[in-house]
Amino acid sequence: EPFFAEPDYVRKFAGKRKDLAPNEAIKALTTKIESEDEKVREPLRKVIGDINKRRIRLTKEEMGYLLGCYDAGIYCVDEAIGQIYDALRSEAGDFIFILTADHGQAFMEHSFFGHGMTLFNELVKVPLIMDLNGKRAAEIRENTGLVDIFPTIMDSIGHPPSPGLDGWPAGKGGPDRPIISEAPPGICMIKG
């Protein structure tokens, strides 16, 4: 948050929804914030809180527009990361490229908007993409956690992880190994 992207990208993902008359909530959720001052984010946080407390109710069209803005932002970031990745592949001798996220975003799938309040899949299932110098390709289907990134890197470059290290190399933790997620005061364990 906010879900800001250049208008051309928003039109690409929001479609006809771009013609919605913007209300104050939509403006707060889609206006670019250029200041590092936390007070500037207070109206945005208030709107998110009011949505979750049902003081503000967004229509399906408004929620679709916000999702389009979110997708447009992801697309912009994806393009920038693609440029970095292409430069890395063409310029670097050896490299490790890792792309992940610390959380997802809820768009009322389970009656919540934003992040940090629930532990549903839309928040805890995030991408983990690694390219270890183009030497190995694999799709890991078992659950992994962010704690597994370092052991996976170590394993991939031929160094066994140190004893007592949290996490397992991806694909080597066992199918029933639990993954812990938290959004205080909640905590969940994902198995299998």
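**Salt bridges and burial**

Modeller: Let us begin with E24 and K27, whose side chains meet in a salt bridge (3.6 Å, N to O). This is a predicted model, in which local features need pLDDT of at least 70 and side-chain atom pairs count only at pLDDT 80 or more, while totals for chains, interfaces and linings use all residues. Residues are numbered from 1 along each chain as its sequence is written, and side-chain values use heavy atoms, with hydrogens and water left out.

Colleague: Why is the pair E24 and K27 called a salt bridge?

Modeller: The term requires a side-chain nitrogen of Lys or Arg within 4 Å of a carboxyl oxygen of Asp or Glu. The N to O distance for E24 and K27 is 3.6 Å, so the pair qualifies.

Colleague: What makes E24 count as buried or exposed?

Modeller: Buried means under 20% relative accessible area, exposed over 50%, and partly exposed in between (1.4 Å probe, protein chains only). E24 has 59% relative accessibility and therefore counts as exposed. K27, with a relative accessible area of 38%, is partly exposed.

Colleague: Which salt bridge do D50 and K46 form, and how is each residue classed?

Modeller: Their side chains meet at 2.7 Å, N to O. D50 is buried because its relative accessibility is 9%, whereas K46, at 53%, is exposed.

Colleague: Why is D148 called buried?

Modeller: Its relative accessible area is 1%, so D148 is classed as buried. Leaving aside neighbours within four places in sequence, D148 is in contact (heavy atoms within 4.5 Å) with G167, W168, R177 and I179.
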